[in-house]
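Subject: Structure handover

Dear colleague,

I am passing on the structure below, and after it you will find notes on what came out of it. Please read them with the model open beside you.

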Amino acid sequence: MRSVSAPESLHLVVGEEELLVERAVRAALEAAREVDPNADLTRVQVTDLTPPELAELVSPSLFAEGRVIVLQNAQDIGKEIADTVLSYVKAPADGITLVVVHTGGGRSKAAKDLPGQLKKAGAAVTECGKVTKSAEREAFVRNEVRQAGGKIDPEAVATLIDAVGTNLRELAAAASQLVSDTDGKVTVEEIRRYHQGKAEVTGFAVAEKAVTGDRAGAMEALRWAMQLGVPHVLVADALADAVRTVARVSAVGRADPFSLAGPLGMPPWKIKKAQAQSRGWDQSGLADAMQVVAGLNADVKGVAADADYALERAVLRIVAAHGRR
């Protein structure tokens, strides 16, 4: 028979990236179920607990059943509950796995001190910080593909992010699906085939055509997006992102995209694309386009009587600002 070591009795999950937090909790549960397949999972908000209720939750079961207790939003913990947690971890009960989920911040001293005290108590720590840098996001995609048993090259990583967006949950699902539906080698061609239309659905095609001055193409893409029922705010956000990216990249000149990636906080491929899009723009035109997308944000959130018309007018004004020089 295969021997199974006892799971860690105390876990600290720190960070705000929801997908990673969920995976850390699931990993703790799976480890507990290696020992006891019937181990139960209980999630509870720390603000809903009293010390006696917490003590009952972590008390050994009469039938020695395994349990995983997840204390959520521990950054909001009060002193009484924090003291109860710290008292418990000095002598944890057999069969109980305690998972404390904490953003890393906290308003009270008890909340701020809790992660450090749990680490001193020997907690197994999983860091789940927000993935905000392009390099981290690309590394996440590569790892997802590898974990699914596939391979992906740098250009395909960039293409997948460009097509799907920056949401980790969607990227993870897309990576897994691509590996499953191909021979494991995820290529640019496969991504475009499986995700054709994704960029348009999120409004990026409208934005890309608008910032390059393609009036007919931008209007066609916009009408297609509206027919599909794409939320107006998504198209407005894509337009704003495209205009701001071109403005930021054009302001630093024609330097090498790789050398600009760090200072601008953008992946090289995005900088290279924006450098190409910046042709035809001058500072005056970009300033006008920035004003257009700033006003559009309010228009699609209720200021304008007709959001469709507001988007059409914004696209036309951006195209006009592009071709001015």
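The buried residues of helix H15 pack against helix H12 (232-251) and helix H16 (307-322), where helices (H or I, at least four residues) are DSSP runs numbered from the N terminus, contact means heavy atoms within 4.5 Å, and buried means under 20% relative accessible area, exposed over 50% and partly exposed in between (1.4 Å probe, protein chains only). Those buried residues are Gly285, Leu286, Ala289, Val292, Val293, Leu296, Asp299 and Val300.

Before going further, please note that this is a predicted model, in which local features need pLDDT of at least 70 and side-chain atom pairs count only at pLDDT 80 or more, while totals for chains, interfaces and linings use all residues. Residues are numbered from 1 along each chain as its sequence is written, and side-chain values use heavy atoms, with hydrogens and water left out.

The protein is divided into domain 1 (10-127), domain 2 (134-195) and domain 3 (203-321), with bounds that come from an automatic or database domain assignment. Domain 2 and domain 3 bury about 420 Å² between them, 56% of it on carbon and sulfur atoms, buried area being the accessible area (1.4 Å probe) that two parts lose on being put together, summed over both. On the side of domain 2, Ser134, Ala158 and Asp162 lose the most area to domain 3, together 77% of what that side buries. Across this interface the rule finds zero salt bridges, a salt bridge being a side-chain nitrogen of Lys or Arg within 4 Å of a carboxyl oxygen of Asp or Glu.

Elsewhere, the side chains of Arg169 and Glu22 meet in a salt bridge at 3.2 Å, N to O; Arg169 lies in helix H7 (residues 168-181) and Glu22 in helix H1 (residues 18-35), so the pair ties together parts that are 147 residues apart in sequence. Arg23 and Glu144 also form a salt bridge through their side chains, at 2.6 Å, N to O, and this pair links distant parts of the chain, with Arg23 in helix H1 and Glu144 in helix H5, 121 residues apart. Of these two residues, Arg23 counts as partly exposed at 26% relative accessibility, whereas Glu144 is buried, with a relative accessible area of 11%.

Finally, Thr159 is found in helix H6 (residues 154-164) and counts as buried at 14% relative accessibility. Leaving aside residues up to four places away in sequence, Thr159 touches Val188, Ile191 and Arg192.

Best regards

Definitions and conventions. Helix = DSSP H or I, 4+ residues; strand = E, 2+ residues; numbered from the N terminus.
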